[in-house]
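The sequence and the structure come first.

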Amino acid sequence: MIMIDQSKRLREPLRWGRREKSAVAVVVACLVLAAAGLGTYAITRAPARADCIEVTFPSTLGAGYLNVCGAKARTVCASPGAYRSVADSLREACRRAGFVYGP
């Protein structure tokens, strides 16, 4: 296999044509739009309620998730009988929400 002008091609820097420049412009535009979308989502997202408890715990089919707010959260914290296996995590979540844990 004869390599004609191979050394010349290796010495010269790559040239950016119209196709390469437009491809880079499209990628940069997509990145800017994605960053703007994430920024908008972060700004407009509703803040978490102060009277909610969120606990993630191991379950039979993966992770279980307990997320309750308001009066139901107060009831769960006051009588945690069904959640004895995750008592430590539930106690911490109730403390953060300002509820009394246990009877």
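## Salt bridges

A salt bridge here is a side-chain nitrogen of Lys or Arg within 4 Å of a carboxyl oxygen of Asp or Glu. The model is predicted, and it holds three salt bridges. One of them joins E92 and R95, whose closest N and O atoms are 2.4 Å apart. These two residues lie three positions apart in helix α4, so about one helical turn separates E92 from R95. E92 is partly exposed, at 33% relative accessibility, while R95 is exposed, with a relative accessible area of 53%.

Helix α4 also holds D88 and R91, three residues apart and separated by about one helical turn. Their side chains meet in a salt bridge with an N to O distance of 3.2 Å. D88 counts as exposed at 61% relative accessibility, and R91 is partly exposed with a relative accessible area of 40%. A further salt bridge links the side chains of R15 and E12, at 3.9 Å from N to O. R15 is exposed at 70% relative accessibility, whereas E12, with a relative accessible area of 35%, is partly exposed. Side chains of opposite charge can pair when their charged atoms come close.

## The nonpolar core

Which residues touch the most other members of the largest nonpolar core? They are I53, L66, L90 and F99, in a core of 14 residues. At least two residues of this core come from each of β1, β2, α3 and α4. Helix α4 gives the largest share, with four residues. In soluble globular proteins, nonpolar side chains tend to be buried together.

The surroundings of L66 can be listed in detail. Leaving aside residues up to four places away in sequence, L66 touches I53, E54, V55, F57, V76, Y83 and L90.

## Helix α3 and its cover

Helix α3 spans residues 70–78, and its buried residues are G70, A73, V76 and C77. Viewed down the helix axis, these buried residues fall within an arc of 110°, so they line one face of α3. The face turned away from the buried side carries A71 and K72, which are exposed. The cover over the buried residues of α3 includes strand β1 (52–59), strand β2 (62–69) and helix α4 (87–97).

V68 sits in strand β2 and is buried, at 9% relative accessibility. Not counting residues up to four places away in sequence, V68 touches D51, C52, I53, A73 and V76. Of these, A73 and V76 are buried residues of α3. D51 is 17 residues from V68 along the chain, and the C-alpha atoms of the two are separated by 8.7 Å.

## A nonpolar surface patch

Where does the surface carry a nonpolar patch? The patch is formed by W16, V24, V28 and V32, which together have about 390 Å² of accessible area. V32 belongs to helix α2, which covers residues 18–44. With a relative accessible area of 53%, V32 is exposed, because exposed means over 50%.

G17 lies in the loop between α1 and α2 and is partly exposed, at 27% relative accessibility. From G17 to V32 there are 15 residues in sequence, and the two are 23 Å apart in space, C-alpha to C-alpha.

## Backbone at D5

D5 has a positive phi of about 60°, although D5 is not a glycine. The residue is placed in the segment before helix α1, which spans 6–11. Is D5 buried, partly exposed or exposed? At a relative accessible area of 48%, D5 is partly exposed.

Definitions and conventions. Residues numbered from 1 in each chain as written. Predicted model: local features only at pLDDT ≥ 70, side-chain atom pairs only at ≥ 80, totals over all residues. Heavy atoms only, no water. Patch = residues over 30% accessible without salt bridge, like charges linked within 9 Å, V, L, I, M, F, W, Y side chains within 5 Å. Areas by Shrake-Rupley, 256 points an atom, 1.4 Å probe, with all protein chains shown as cover. Buried < 20%, exposed > 50% of the residue type's maximum accessible area, 1.4 Å probe, protein only. Arc of directions from axis to C-beta. Contact = heavy atoms within 4.5 Å. Core = buried A, V, L, I, M, F, W, Y, C linked by side-chain atoms within 4.5 Å.
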